[in-house]
Amino acid sequence: MKALAGFLSLLLHLLLLSAAESRRLHLHLGSSAYLTTEEHWFNQTLDHFSPIDHRQFKQRFYEFLDYYQDGGPIFLKICGESACNGIVDDYISVLANKFGAALVSLEHRYYGKSSPFKYLTTENLRFLSSKQALFDLAVFRQYYQLSTILFVLQEYLNAKYNLSKVENSWFVFGVSYSGALSAWFRLKFPHLTCGSLASSAVVRAIYNFTEFDKQIGESAGAECKAALQEVTKLVDEQLQSNGSSVKKLFGAVLLKDDGDFLYLLADAAVIAFQYGNPDVLCSPLVDAKKNGKDLVETYASYVKDYYLGQFGASVLTYDQQHLKNTTPGVEESANRLWWFQVCTEVAYFQVAPQNDSIRSSKIDTRYHLDLCKNVFGEGIYPDVDMTNIYYGGTKIAGSRIIFTNGSQDPWRHASKQTSSPDLPSYLIKCHNCGHGTDLRGCPQSPLNIEGNAENCTSPEAVQKVRQQIIEHIDLWLSECQSTGPDDDEPDLFMAAGRMISSA
């Protein structure tokens, strides 16, 4: 018995040591923003809703076990609408270390290297939806829980030593769209997770999202808002008189459609508030207005130097001809894929309000619907009512879900902001608290490793919410561990750990 216990202990040590060695190798190779970039793959079902279509595709995932302690939880970090190139070292890794958790992360179907098809035609995109993605997470969760070599040993031990069958406790994390998936996963599969953190979670599908632009105005403040509105007015006028010249000024001559160009300019302003960098935009604009400088030129410098430069946005993202490209390009195809989800499920159409708008009035509902039709074909439009009926919108009826939002983030109006005992919602109030501030700190781009909050104007506000997150995770994990899982599938780590400790 002691010999067997010693063998299992050595095996567990070697498994964890292998993960640690992998991490050190990748850090040495320059991936310092990641805990790991080592790829793993498994076979995923293409259509979870068909009883006769059994096709599969290869889906990419990552695991990080350095913080794992025997019997600890598994933290599932959901990847969203972009390529997932590893497990980023942010505040979730701090939580994993605190709770002795294993970290795993699954790439969203179609994005990055997890594409089921050679070409991303509209027909081939029919399996791209949040509903399919949620089942992907459920299938992966079951796969990962059962796939380790310890499962084989445990089956033997269960039979020989009559050990009880229990599972690791799981907790799910996500930001933005993946934050919505985190909330929806707990809603639809409560038996597969102890709880969820839904950071800046856009759980409400919205057809005409006018609150988005209104929040930009509030976050900007009176002076910056007035300057932005004047820029919009001047650009609209210059587009009529000399469109090619003003597009050249912004480095966007390839955008033939004026609507695409105006959407680029609107998004450039949004990013400063969304990701916690308002002063980068507002300080030069307010200064230019006070000193009689050319506002359009000042804004163009911000767009080129910060938005297209430091932040790394691409003009191509806004070109509808580019969005029609059906060849997967890992990073490049993400734009087409996300627009497909926008045009079929959630909309989030960021349209100009009738009064006091910052963005151009030409960015309206018709612009968005025409884009959907032009890029994906006739009959493609978002059925937001069905999406909200399916998930509940901000009336989501789940439990053990934490909602967090930054006070300056325009996306918070698509999130759940009303708190209740089993669905706590926290608003982080500070000058540059934006999208995912609780997990990423301030600003969120460039990324501050381990979610540094010191650059937030009110770091204590961030720390207070983080403490509340920790308390909820601690409580819910303890409740799961005391009551046990709802199903009776075997545990990968705890059974072996119990057998070793009792030997």
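This report walks through the cavities, aromatic pairs and charge-over-ring contacts of the model.

The model is predicted, so local features need pLDDT of at least 70 and side-chain atom pairs count only at pLDDT 80 or more, while totals for chains, interfaces and linings use all residues. Residues are numbered from 1 along each chain as its sequence is written, and side-chain values use heavy atoms, with hydrogens and water left out.

**Cavities**

Three cavities of 30 Å³ or more turn up in the structure. A cavity here is a set of points on a 1 Å grid over the protein atoms alone where a 1.4 Å probe fits but cannot get out, and lining residues have an atom within 4 Å of a point. Points are joined across faces, edges and corners, and the volume is the space filled by probe spheres set on them.

| Cavity | Volume |
|---|---|
| Largest | about 160 Å³ |

The largest cavity has 15 lining residues, and Thr232, Leu265, Ala266, Ile358 and Arg359 lie nearest its centre. Helices α6 (210-220), α7 (222-249) and α8 (258-274) each give two or more residues to that lining, with α8 supplying the largest share, five residues. Helices are DSSP runs (H or I, at least four residues), numbered from the N terminus. By type, the lining splits into eleven nonpolar, two polar and two charged residues.

**Rings**

The whole structure has 39 aromatic pairs. Rings of Phe, Tyr and Trp (its six-membered ring) pair if their centres lie within 6.5 Å; planes under 30 degrees apart are stacked, over 60 edge-to-face, the rest tilted. Tyr177 and Trp338 make a tilted pair, 5.1 Å centre to centre with 50° between the planes. Tyr177 belongs to helix α5 (residues 177-188) and Trp338 to helix α12 (residues 334-346), so this pair ties together parts 161 residues apart in sequence. Both Tyr177 and Trp338 are buried (under 20% relative accessible area; exposed is over 50%, partly exposed in between, with a 1.4 Å probe and protein chains only).

Tyr307 and Phe311 are stacked, because their ring centres are 5.8 Å apart and their planes at 15°. Tyr307 is buried at 4% relative accessibility, whereas Phe311 is partly exposed at 24%. Ring pairs join both into a cluster with Phe250, Phe261, Tyr275, Tyr299, Tyr302 and Tyr306.

Finally, Tyr390 has Lys131's charged end over its ring, 5.0 Å from the centre, and Lys188 over its face at 3.9 Å from the ring centre. The criterion is NZ of Lys or CZ of Arg within 6 Å of the ring centre and within 35 degrees of the ring normal.

Conventions
On a 1 Å grid over the protein atoms alone, a cavity is a set of points where a 1.4 Å probe fits but cannot get out, and a pocket is an open set with protein on both sides within 12 Å along at least five of seven lines; lining residues have an atom within 4 Å of a point. Ala, Val, Leu, Ile, Met, Phe, Trp, Tyr, Cys and Pro count as nonpolar, Asp, Glu, Lys and Arg as charged, and the others, Gly among them, as polar.
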